[in-house]
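Please read them with the coordinates open.

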Amino acid sequence: MEQLKYRSVFDIIGPVMVGPSSSHTAGAARIGKVVRKIFGEQPDTVDIYLYESFAKTYRGHGTDIALVGGLLGMEPDDPQLADSLKIAHEHGMEVLFVPKQEKAEHPNMVQLKITKGTRKLTVTGKSIGGGNIQISELNGFKLSLSLGVPTFIVVHQDVPGMIAKVSQLLSEAAVNIGTMTVTRESKGEKAIMIIEVDERNEEILEQIRALPHIFSATYFG
């Protein structure tokens with residue numbers, strides 16, 4: 001008999017949340033919050049492109065309020081989630097929902113394009129069930145990020161030695177790297193490191209941000 005393995009009780013009973021569907025509400029809120037954390041601040045404008053099931057039922061299942069609530073920093077069980085669209089308007093955040101008709105990689109897929117001043121960020125996320133999510137694209141970088149373990153996302157200039165410098169900081173902090181994914185736009189341009197680690201250690205984040213040629217560094221624990 002195959003033995004089933006769970007990381008937490010929430011893999012069995014699902015997440016605590018506001019709304020009718022873990023995929024359409026809890027997962028959507030998590031995607032929004034991850035995007036907010038990567039961006040680092042509240043955006044001025046948000047264009048939300050919804051695909052397949054998300055496009056068909058986003059109003060009825062609360063996907064719209066969940067995504068915006070996450071972008072405001074709310075958890076899936078936040079009692080203010082139902083008022084997220086109103087709160088976003090009051091905070092000066094303009095939101096546009098764009099249901100798409102074309103096929104997508106996953107039935108619960110969304111792409112968020114957010115801006116603040118000259119800063120821009122594009123993230124594609126999928127709600128894969130039970131409140132779990134996967135980030136599949138970040139500013140044109142293809143990746144597969146589930147955030148099921150402590151993870152660092154580091155965006156940096158593509159110059160020699162960057163991987164070694166970040167790895168050395170983690171080693172000095174006794175943080176073991178489980179997996180590392182590295183990709184870049186093109187030689188000498190922006191590159192990204194996705195580093196999954198075995199130990200939780202958010203304190204090292206500021207040291208990574210202080211390295212030269214770092215554009216942004218984000219930690220998910």
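1. Gly 73 takes a positive phi of about 95°, and its place is just after α4. The model is a predicted one, so this angle is a computed value.

2. The buried set consists of Thr 63, Asp 64, Ala 66, Leu 67, Val 68, Gly 69, Gly 70 and Leu 71.

3. How many aromatic pairs are there? The count comes to 2. One of them joins Tyr 58 and Phe 97, with 5.7 Å centre to centre and 25° between the planes, and is classed as stacked. Tyr 58 sits in the loop between α3 (53-57) and α4, while Phe 97 belongs to strand β2 (residues 94-99); the two are 39 residues apart, and the pair links distant parts of the chain. Both Tyr 58 and Phe 97 are buried.

4. Phe 152 and Tyr 219 also form an aromatic pair, this one tilted, at 4.9 Å centre to centre and 50° between the planes. Because Phe 152 lies in strand β7 (residues 151-157) and Tyr 219 in strand β10, the pair ties together parts that are 67 residues apart in sequence. Are these two residues buried or exposed? Phe 152 has a relative accessible area of 1% and Tyr 219 one of 4%. Buried means under 20%, so Phe 152 counts as buried, and so does Tyr 219.

5. The second largest pocket has a volume of about 240 Å³. Its lining is made up of 13 residues, and those nearest the centre are Arg 119, Lys 120, Asn 139, Lys 190 and Ser 216. Two or more lining residues come from each of α2 (22-39), β4 (119-129), β9 (190-197) and β10 (214-220). β4 gives the largest share, 3 residues.

6. What is the make-up of that lining in nonpolar, polar and charged residues? For the second largest pocket, the lining divides into 8 nonpolar, 2 polar and 3 charged residues.

7. Arg 119 lies over the face of Phe 39, at 4.1 Å from the ring centre. Lys 190 is placed over the face of Phe 215, at 5.0 Å from the ring centre.

Methods
Residues numbered from 1 in each chain as written. Predicted model: local features only at pLDDT ≥ 70, side-chain atom pairs only at ≥ 80, totals over all residues. Heavy atoms only, no water. 1 Å grid on protein atoms, 1.4 Å probe; cavity = no way out; pocket = protein on both sides within 12 Å on 5 of 7 lines; lining within 4 Å. Points joined across faces, edges and corners; volume = space filled by probe spheres on them. Helix = DSSP H or I, 4+ residues; strand = E, 2+ residues; numbered from the N terminus. Nonpolar A, V, L, I, M, F, W, Y, C, P; charged D, E, K, R; others polar. Buried < 20%, exposed > 50% of the residue type's maximum accessible area, 1.4 Å probe, protein only. Phe/Tyr/Trp six-rings, centres within 6.5 Å; stacked < 30°, edge-to-face > 60°. Lys NZ or Arg CZ within 6 Å of the ring centre and 35° of its normal.
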